[in-house]
Amino acid sequence: MNQRLRFKNLLPTLLLFSAATQANTTALQAPEIEVTNNKVDYYKVQRTIPELSTAFIDTSPAQRNDGIKVGKLSVNPAVEKALAKLGKEIAENKHDKYDSLLISQNDQLLFESYYSKGRINLPHSQASATKTYLSLAVGRAIQLGYLTMEDLHKPVINFFKGLDQKSLAHGINKITLDHTLSMRSGLRIEDETLNALDKKAKTLAAKELVKTYFSKSAPVTKATQVYKYQRSDPRITMLVLDSVVPGGAEKFIKRELIDKLGITEFDWRNNFGLPEGNYSAMMKSRDMLKWGKLMKDKGLWNKERLIPAAFIKQATSKIAIPHSKNYDFTNFDYGYYIWQTDMTVGNQSYRCNMAWGGGGQYVIAFDELNLVIAVTARARGVEDKTLTLVEERILPLFT
C-alpha cells in the first residue's frame, strides 16, 4: 500500500529546448524533460530541475496525443497580443514566480506557456488542489453506486468497522461526509497530537489513524462543526472512499478518473497506506485543464457521465464560509473542497469554481464562459496575486 500512484514515469536527463517570449512560437518545441526510464521521483525533479533560461510562450499550441484539443489566438489579434505581453511580463519576473499558465476556451487550448521550472511533460505539485480531485473521486464513487447522495449525510463512523465506541470522543457520530468534504467535521485535536501522527505517516495504518482522530478530539458539537481548514477532514474522506470502492481508493482513482481522463504521467503520494487526501498529487499543466473541464461540464467527459450532475452542483455550491488569519476570504465560498468566487469585468460578474493549492496552483473554471485556466507557481503565502491577475488581465479578454 506504500506504492505511489504512478505511471509512465520519466527519469530526466534534462534536455531543455530554447523558446522565445513572443507569440506564434509553434516552430519551437516546448521545454521538456527527456524520457530515459520509468523510475523517477517527480518531487525531487521539481526541486532540482534548473530554471529555464528562456520562457516558452505559445498562442498556437501544438496538438499532442493527450486528448487536449487546440486552437489559435490569431483569430483575435488583440487577445493574442495582450496575452503575449502578459507572458513576457511573467518571464521578466514582473508577477508571481510562475511555472506555467494555460488557457482553454470552448474546449480548445489557446494559450500555453512555461517559465522557470515548468515543463510540458513534467507533473507539477498540486498542493491542496489535490483535495478537489479527491472530491471528484467521491462523486465518481456515487456515479458507480458505491456511495449514494444520501450517504453524504450519514455518520462516517458507519463506514469504519470494529472501532471501540467507548473510546471515542463525544459527538463523533455527528460527523458526516458532508462535513468532512467541506472542512466542517468539528474535530478539534491538539497540534502536538497531529504532528506526532504525521511523523508516523509512512508506518501507521489507516485504521489506527482514524481511531486516533476519533478518540483524541475534543467533543464534537454544533459550535465546532464550522469551517476549519485541517488535515484530518480530507484524510477521513479518503478513508471512507477506500472502505467502499473495490480494490481500495488508490486503484479506484487511477482506474475511474486518471485513466478515464487520459492522464499518463502523474504522481499521488501515499500516507497511512492511502493516497494523501490533502496535498500530494502531481499533475501536468495540460492535465489540470482536464479536471477543470470535468467540473465545467458538470461531470461529463467525452459524453460519458463520470460524476452525477447533482453531486457537482452540491460540490460547487456554498456550503461553508471560509476564514483565515492570513487571508481575506470575504468574497469566497467553499463547497466540497472546491472554492468559489465572483470576478468582475465592467458591470458584469462571473462566477468561477476552483481547485486551489498553496504556492499558486489553480484550476479555474468559468462555466458561463466555457473557460478553464490552469496555473502552476511557486509563490509564497500572501504573495500569491494570481486571482487578481486573472480578473484584471485575463478574464476581460474572454468575455
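Tutor: Ala, Val, Leu, Ile, Met, Phe, Trp, Tyr, Cys and Pro count as nonpolar, Asp, Glu, Lys and Arg as charged, and the others, Gly among them, as polar. The model here is predicted, so local features need pLDDT of at least 70 and side-chain atom pairs pLDDT 80 or more, while totals for chains, interfaces and linings use all residues. Residues are numbered from 1 along each chain as its sequence is written, and side-chain values use heavy atoms, without hydrogens or water.

Student: How do the residues lining the largest pocket divide into nonpolar, polar and charged?

Tutor: A pocket is an open set of points on a 1 Å grid over the protein atoms alone where a 1.4 Å probe fits, with protein on both sides within 12 Å along at least five of seven lines; lining residues have an atom within 4 Å of a point. For the largest pocket, the lining has 32 residues. They divide into 12 nonpolar, 12 polar and eight charged.

Student: Which residues lie nearest the centre of the largest pocket?

Tutor: This pocket has a volume of about 860 Å³, counted as the space filled by probe spheres set on the points. Nearest its centre are Tyr327, Asp328, Phe329, Trp339 and Trp356.

Student: Which strands and helix each supply at least two residues of that lining?

Tutor: Helices (H or I, at least four residues) and strands (E, at least two) are DSSP runs, numbered from the N terminus. The chain has 11 helices and 16 strands. Those that each give the lining at least two residues are strand S13 (339-345), strand S14 (348-357) and helix H11 (386-394).

Student: How many bridges join S13 to S14?

Tutor: Two strands pair if DSSP finds at least two bridges between them. In the hairpin of S13 and S14, two residues lie between the strands, and Gly346 in the turn has a positive phi of about 65°. Val345 stands opposite Gln348 in S14. The strands run antiparallel, and the number of bridges joining them is seven.

Student: What is the bridge partner of Tyr334 in S13?

Tutor: Strand S12 (residues 332-334) pairs with S13 in the antiparallel sense over three bridges. Their hairpin has four residues between the strands, and Tyr337 takes a positive phi near 55° there. Across in S13, the bridge partner of Tyr334 is Trp339.

Student: How far apart in sequence are the parts that Glu112 and Arg286 tie together?

Tutor: A salt bridge puts a side-chain nitrogen of Lys or Arg within 4 Å of a carboxyl oxygen of Asp or Glu, and Glu112 and Arg286 form one at 2.9 Å, N to O. Because Glu112 lies in strand S4 (residues 108-114) and Arg286 in helix H9 (residues 285-296), the distance along the sequence is 174 residues.

Student: How many salt bridges does a search of the whole structure find?

Tutor: One of the pairs is Arg255 with Glu256, at 3.3 Å from N to O. Elsewhere, Glu51, Lys97, Asp99 and Arg378 are linked in a network. Over the whole structure, the number of salt bridges found is 30.
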